[in-house]
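Subject: Structure for your files

Hello,

Here is the structure we discussed, with the sequence alongside. My notes on helix packing and chain contacts follow below.

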Amino acid sequence: MENYDLIFAILFQLAQLVVVVLAAPLLTGWVNQCQAWLQNRSGAGVLQPYRVLHKLFHKDAVIAHNASPLFRVTPYIVFGCMWLAAAIIPIIAVDLPFSQAADVIALVGVFAVARVFISLAAMDIGTAFGSLGARREMLVSFLAEPALLMVLFTASMISHSTQLPRIVETLAHHQFVLYPSLAFAALAFIIVLLAENARIPVDNPSTHLELTMIHEAMILEYSARHLALIEWASSLKLFAYISIGIALFVPHGIAEVGHWAGLPLGIVLLLLKLMLAGAGLAVLETVMAKMRIFRAPEFLGTAFLLAVLGLLIHFLLGA
Amino acid sequence: MIDLQLLALLLIPLLGGGLLAVFGSRSWAAELNSLMSFLTFAASVVLTVRVIDSGPQVAFSEQFFIDQFNVFLVALTAFVAFTTSLFSRPYMRIEQHHGKLTTGMLHLYYSMYQLFTFAMLIALTTNNMGIVWVAMEAATLTTVLLVSLYRTPASLEAAWKYFILCGVGIALALFGTILLYFAAERVLGQGGTALLWTHLNDVKGELEPTVLKLAFIFLLVGYGTKVGLVPLHSWLPDAHAEGPTPVSAVLSGLLLNVALCAVVRSKVLVDGSLGNHFAGNLMMGFGLLSVLVASFSLFRQKDIKRMFAYSSIEHMGLITFAFGMGGPVATFAGMLHMTVHSLTKSAIFFAVGHAVQKVGTQQMDSIRGMLQVSPTVGWGLALGTFAILGMPPFGVFASEFLIITTAMHEYPWATPILLVSLGVAFAAIFGKMQPIVFGETTAKPLPHPPALVPVFVHLLLVLMLGLYMPPYLADWYRQAAALLG
Amino acid sequence: MHIPFTLQFINLLAALLLLVSFAMLAQRRILSLVNLFAWQGALLALSTFIVAYSSNQHHLYYSAGLTLLLKVLLLPWLLHRLMRKLNVRWDVETLINIPTTMLFGIALVIFAFNLAAPISQLAEGITRGLIGIALACVLLSLLMMLTRRKAVTQVVAFLSLENGLFFAATSATQGMPLVVELGIALDVLVATFIFGIFFFQIRETFDSLDIGHMEKLKDD
Amino acid sequence: MDAVGILPLDVVGWLVQFWIVLGVAGMFLQRAPQQLNNIVFPLSALTSLLLAAVGLWALASPATVMVLPLGLPDLPFHLRLDSLSAFFLILLGGASFGVSLYSAGYFKTMAGGMLGLLCLEYHLFLVGMTLVLLADDAYMFMVAWETMALSSYFLVTTDHSIPDIRKAGFLYLLIAHVGAIAILLSFGVMQGGNGIDAYTFDAMRGAHLDPFWSSVAFLLALFGFGAKAGVLPMHVWLPEAHPAAPSPVSALMSGVMLKTAIYGLLRVTFDLLDTQLWWWGVLALGLGLLTAVFGVMFAAVQGDMKRLLAYSSIENIGLLLVGIGLTLIFHVYDKDALAALSLTATLYHSLNHAMFKSLLFIGTGSILHATGERNMGRLGGLIRRMPWAAMLMLVGVLAISGLPPLNGFVSEWMMLQAFLLSPGLPNSYINMLVPVAAAVIALAAALAAYVMVKFYGVIFLGQPREAALEHAHDAGTWERIGMGWLALLCVVLGLAPVFVLGQLDHVSQMLLGTQLGNAAGNWVFLAPVDTERASYSPLYFLLAVLGVMLLTSLLVRRLYHGRVRRSDPWDCGFPAQTARMQDTAEGFGQPIRRIFEPFFLIEREVPSPFDTHPRYHGRSDDRLWYILYEPVKQAAAKLSSAASLLQHGRIHLYLTYTFVTLIVLLVFV
């Protein structure tokens with residue numbers, strides 16, 4: 001029975017790996033579509049990202065003369081990290097054997113690895129935009145990362161564990177409790193999400209030549225499959241973040257351990273949540289204006305403070 | 001037997017003084033000087049062995065008294081006097097070559113050097129507090145002549161101040177001695193024995209406390225002037241800076257010790273009579289004050305010999321503090337510190353002497369890059385500095401370790417002062433010496449090869465005392481510490 | 001009670017000694033200073049002689065003679081010769097003016113007496129109260145050293161300080177052991193000679209005996 | 001082995017002696033620098049390796065003691081090799097092995113006489129550090145401690161013709177000495193009974209102090225060891241001295257010597273003192289946090305690569321101090337498991353820091369040799385000229401940035417775990433403090449990543465900023481081996497933490513009397529407390545990432561193609577690309593400087609838009625220097641001038657001193 005479960009769990013893990021990597025661009029597409037609708041455009045359709053990826057993969061990769069191996073290996077590393085991140089977050093069911101190997105701190109670590117590599121790659125060619133993007137990316141992240149960590153800590157304090165499945169389990173399956181600390185955490189998390197995924201107001205994903213761009217400035221030198229992998233990675237990142245949000249703040253309805261009957265319901269609920277989240281993101285991006293790059297630290301500082309506040313409140317109220 | 005050995009010890013320098021008074025201007029006077037000092041040293045070694053083996057001794061109808069404490073100072077004195085004579089041989093030749101000295105001055109120098117040794121040995125070995133005074137005065141007189149050797153205005157001024165201040169100080173010490181005698185004769189009766197330390201020591205319990213209190217104040221102020229305790233120290237920097245370097249070496253290395261020895265002797269009597277820690281406290285106070293003031297004075301010095309003179313004041317203060325604390329460990333540490341300080345400080349003065357001769361000035365701003373021009377002098381200065389600053393593994397650290405930790409245990413309130421002073425002193429001396437040792441040079445070669453063997457012999461000894469103390473030496477010190485209690 | 005004649009005499013001498021000290025403190029002219037010093041020596045010798053007689057200790061006779069020789073004849077003579085050679089006549093005005101110095105002096109005397117009082121209680125025989133006077137003399141000479149500007153006056157003051165000590169040694173305590181006294185005497189003699197040498201050197205280097213010239217060595 | 005009767009301590013003794021022999025041999029080999037480099041240093045490296053091995057062996061075996069016939073009478077040198085010393089011996093050996101190997105190549109260019117002296121000082125330095133770890137009485141400890149300081153001082157001032165280096169050396173030794181006196185005083189407080197033999201550590205363990213005195217002892221020790229470790233505010237010497245020294249020496253100083261201070265603090269706090277108080281922990285925690293943030297903040301704005309690394313060392317020391325503080329707090333409140341956890345994290349982090357910091361420092365040495373340039377603003381693009389150095393240093397950079405699966409992450413992970421598990425302390429203030437502290441740590445870690453991206457990116461990536469860089473040569477063989485070893489250690493420590501923890505348990509057993517253990521029975525998963533609470537498996541992690549990467553690249557090539565074309569960089573079609581357009585070090589650090597402006601003392605000259613050869617110059621200074629040290633300097637100057645008034649030159653005045661002294665004594669006594 002035991003190892004039957006285990007085998008099943010591993011299968012499930014693999015399944016989630018595949019599902020996540022395939023579904024991620026869809027989410028991006030959905031967000032873009034919503035944005036288009038909100039801006040009274042017809043939009044390119046939710047499948048547009050797939051087409052883009054397909055096109056990019058077909059092209060010949062063009063890289064600068066002085067590009068080092070670091071530059072070429074980075075897309076794979078970034079893609080790998082993001083895929084991994086997205087794969088260890090319990091969204092449909094809570095028993096993911098791999099999340100044993102990497103808890104929330106490691107999850108943040110994964111994001112950090114990807115970030116560091118892509119920043120290094122951005123500086124590799126030695127263009128003005130590259131180093132500029134790298135600097136801004138690190139600037140944004142050095143505030144966003146601890147904020148994210150604090151958000152996750154609040155959750156793991158509540159659930160006395162740093163393992164996502166345990167956290168989700170606790171939050172989802174105990175009788176519904178209002179966690180004021182989590183409210184703060186949620187606010188902070190949204191800001192972090194916006195910042196880390198190069199969204200307005202911190203950055204603009206749909207720009208290509210703008211003096212205030214961050215993420216795009218870093219990947220200017222990439223083309224073809226490398227670019228494709230990076231784009232894909234960023235949709236995975238978005239997916240991962242949104243699913244973290246779901247897992248932390250609205251995990252209800254997720255399937256329990258070995259309780260396979262819950263799966264269909266879980267999947268349906270998940271889809272709903274994802275669509276809502278995407279739509280919400282689109283709304284946010286539409287109503288907000290992009291801020292000056294120097295305001296970004298203050299914005300993220302707020303997030304950091306909110307997160308710490310949440311943690312403190314947890315200590316204070318024990319909730 | 002003991003009489004004979006003692007006689008040898010005392011007569012050799014006297015004889016040397018006589019001989020050099022006659023032959024002082026011969027070309028081999030320097031060698032004769034060294035030879036006499038060596039013989040003195042040999043005699044002191046013989047005496048030391050005798051005393052260590054068969055305990056304290058009196059000689060010449062008790063007029064002389066030798067125990068482990070003063071025999072250790074005797075040996076030290078004779079040794080440093082010997083090495084200094086070795087150093088002064090080439091040094092003085094170079095001075096003469098530079099035209100700073102005439103043969104007549106050398107003549108005076110050599111004879112006075114021997115007489116000075118003689119006076120110090122008397123002061124150390126005599127049992128009679130009165131004779132102690134006489135010998136100290138004699139030592140002062142001889143050194144006054146030595147300090148004024150160059151006949152420059154500065155040296156004259158220094159000598160004059162030295163003479164007047166120490167003269168007055170010594171006079172006060174005499175009054176103290178008289179009071180001591182006054183108290184003693186009521187116990188020991190009229191006549192000769194009433195000033196003999198051994199007898200006084202036996203009856204110290206019965207001596208009249210009020211008188212002894214008074215006596216000690218005079219003795220402390222008197223001999224303290226020669227020790228260079230703040231605020232009685234004013235003569236010391238001048239005398240050290242203006243006299244010939246070998247004289248600075250023996251002043252720092254020996255004379256201060258001898259004076260301190262006298263203070264310690266009286267302290268034993270007084271505390272014995274008062275039965276409390278009166279004298280000890282006074283000494284601790286003066287010691288701390290000296291350490292503090294000296295270390296801060298170090299900062300603004302421009303003249304290198306002057307600076308090390310102040311460092312002598314600082315260390316004397318530390319030793320006085322140690323003896324003031326009393327107790328086996330502190331006393332042991334005090335004696336150890338006396339030894340290592342004499343050795344290190346004289347070594348430093350040797351090195352400094354040659355450095356100054358190379359550059360032609362004592363102003364530290366113009367002495368640079370010794371390591372470059374002559375590694376031996378440079379390393380001598382560097383190691384000597386670190387040794388005197390109490391850097392392990394040099395012996396100075398060993399004694400400072402014991403003193404400071406004991407102070408922390410017995411008198412915690414004193415330790416912040418020590419902490420500050422030592423830190424300041426370190427900053428001052430180290431900051432001044434670093435550019436002198438390192439960097440680019442300004443020096444020129446010497447007409448005669450410098451004599452740096454003594455420097456490294458001393459430093460080696462100091463290093464050894466820091467890492468390993470021969471058991472023989474160790475229980476010698478222990479016995480002495482036990483004597484002083 | 002009946003005070004023996006000798007003691008009265010010694011006390012008288014002690015008082016005179018103190019008087020002389022004050023006189024020296026007040027004196028401006030160097031020559032008369034030296035004379036006063038000689039007088040002080042004489043008083044000292046006399047008192048020593050009397051103590052020797054009263055407590056018939058023979059070695060005190062020697063020291064009395066020594067004092068006479070040294071401090072009444074030899075040293076003043078030496079000083080006089082120096083004066084003549086260096087032709088110094090007048091002392092420039094003292095650092096603190098004379099009356100103030102006197103006031104200080106009186107204060108010192110009182111202080112010394114109070115200090116010596118408990119000790120005097122202990123002293124038996126003829127020496128009651130002499131310690132106080134001796135101490136007073138010492139302090140007065142010290143004060144004189146502080147206030148005088150010329151090298152010579154300082155030396156004289158120094159020697160009179162020595163006198164005070166000697167008085168303490170002989171009269172207050174019935175004489176130190178002879179060796180000690182001889183040693184002391186010898187030192188004083190040598191010291192004086194060296195002082196003499198110094199005067200000449202100082203003169204030829206600074207062409208003046210004013211100590212004011214010798215203030216070059218200092219921390220700055 | 002014990003059957004043969006050989007104890008670990010004996011072997012260590014032989015190794016130390018061998019080091020001394022090597023040092024002296026170096027003096028004699030002055031004439032033949034070639035042999036000196038190729039024989040002496042490798043041998044010394046071998047010795048280091050053996051030392052580490054012995055440490056590993058001693059870690060498990062019971063403490064062994066030895067008394068040498070040297071030292072003071074009644075206080076001969078006591079040696080003791082217990083788990084704590086053994087652990088730091090491993091650290092010392094492991095790091096110095098790499099550094100010594102590297103030195104064999106690094107000092108090739110040095111003149112013979114200088115090299116001989118340097119070789120002697122280098123080995124005395126190693127010996128000093130080893131003896132510090134072994135000392136079992138105050139005197140021996142101080143002697144070893146100061147020997148270490150003195151030898152390193154001479155190493156720092158190796159080329160003393162440069163005034164700045166002399167200044168650095170002066171500052172270094174001065175602060176070190178003041179710290180040493182403080183340590184001495186704390187020993188004085190802790191001494192057991194009176195008599196010279198009261199200074200053995202055993203006597204001190206026996207002595208029972210009341211809270212007041214043990215607090216005094218702790219504070220003195222904190223001050224003394226903090227001065228050595230570069231804890232705020234005694235840090236000022238560190239950014240001066242480390243860049244001044246030759247790179248291998250900087251590596252040893254930063255990687256190992258700072259840890260001896262940590263060792264001393266642990267020794268005093270947990271071994272010699274029998275009682276601890278909670279506020280010690282809070283104090284250490286607070287100081288540590290300040291130090292960490294301060295260090296990383298200043299590292300971010302540095303333009304000199306070695307200064308940058310020095311400041312990052314300050315940050316790491318701060319983290320270690322935080323760990324010690326946590327350990328203290330938990331230990332005082334009898335939360336044994338947590339105490340063990342944070343202690344283990346601390347020790348682990350010191351081990352890690354020794355490795356990657358040494359690696360980075362010697363790496364800068366190679367760069368220095370290749371380019372003769374320490375200012376990052378004049379470097380760039382070196383990854384193409386010196387691929388080996390670049391590759392090996394990348395490992396170090398990733399490790400120090402605390403990225404999984406390398407070693408930096410493990411210790412960070414454990415420390416954060418300790419924070420996460422801490423609630424439930426009786427003292428509510430500390431409870432409040434804990435999350436804030438955790439946040440600060442996270443912030444510092446993130447900033448460290450920023451700093452390291454700047455460090456690596458500006459030096460190795462982009463286009464060379466100077467023409468001279470075009471013919472920079474890669475690190476030599478010896479240097480590669482040395483760096484390779486350290487990089488390897490970074491990876492191994494990152495991948496197999498469980499083994500290391502198993503060893504560290506001996507130390508926490510000795511200091512705290514509890515073990516951490518590993519809840520997950522197997523060696524793959526690291527689960528300090530409980531698998532349900534937290535677990536981490538670097539190996540799986542690595543495998544997964546690599547697997548995914550391979551899979552993707554295979555799929556991409558399979559489904560599409562692997563064609564690559566080289567061309568000029570795109571850069572939004574901007575044609576006239578020059579190296580000057582890249583961020584310099586200052587440029588990269590600018591945002592941080594902007595954010596933390598109040599903490600810096602900034603002076604900069606910005607070129608006007610019109611001048612043809614624009615030159616930018618900016619410096620960010622340490623306010624603390626002016627707030628704390630300048631006043632001290634001025635006070636000292638004031639007092640000294642006051643003291644010099646005493647020596648006024650007028651003999652009347654001097655006589656008055658005597659007179660007044662006499663009168664005062666007579667009156668008041």
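This is a predicted model. In chain B, helix α2 (residues 29-54) packs with helix α3 (residues 68-97) at an angle of about 165 degrees, and their axes are 9 Å apart. Angles over 145 degrees count as roughly antiparallel, so α2(B) is roughly antiparallel to α3(B). The crossing in which α2(B) passes α3(B) is left-handed. Sorted by class, the residues in the contact of α2(B) with α3(B) are 16 nonpolar, eight polar and one charged.

Next, the contact between chains B and C. Chain B contributes 38 residues and chain C contributes 35 residues. On the side of chain B that touches chain C, the helices α5 (129-147), α6 (153-188) and α8 (209-227) of chain B each supply at least two residues. Which of the helices gives the most to that side of chain B? The answer is α6(B), with 17 residues. The class breakdown for the side of chain B that touches chain C is 22 nonpolar, eight polar and eight charged residues.

Two other pairings do not touch. Chain A and chain B are joined by no contact, and their closest C-alpha atoms lie 41 Å apart. Chain A does not touch chain C either, with the nearest C-alpha atoms of the two 55 Å apart.

Regards

Technical notes
Residues numbered from 1 in each chain as written. Chains lettered and ligands numbered in written order. Predicted model: local features only at pLDDT ≥ 70, side-chain atom pairs only at ≥ 80, totals over all residues. Axes fitted to C-alpha atoms, helices over the stretch in contact; angles between N-to-C directions. Helix = DSSP H or I, 4+ residues; strand = E, 2+ residues; numbered from the N terminus. Parallel < 35°, antiparallel > 145°, perpendicular 65-115°, else oblique. Left-handed = near helix turned anticlockwise from the far one by under 90°. Nonpolar A, V, L, I, M, F, W, Y, C, P; charged D, E, K, R; others polar. Contact = placed C-beta atoms within 7 Å.
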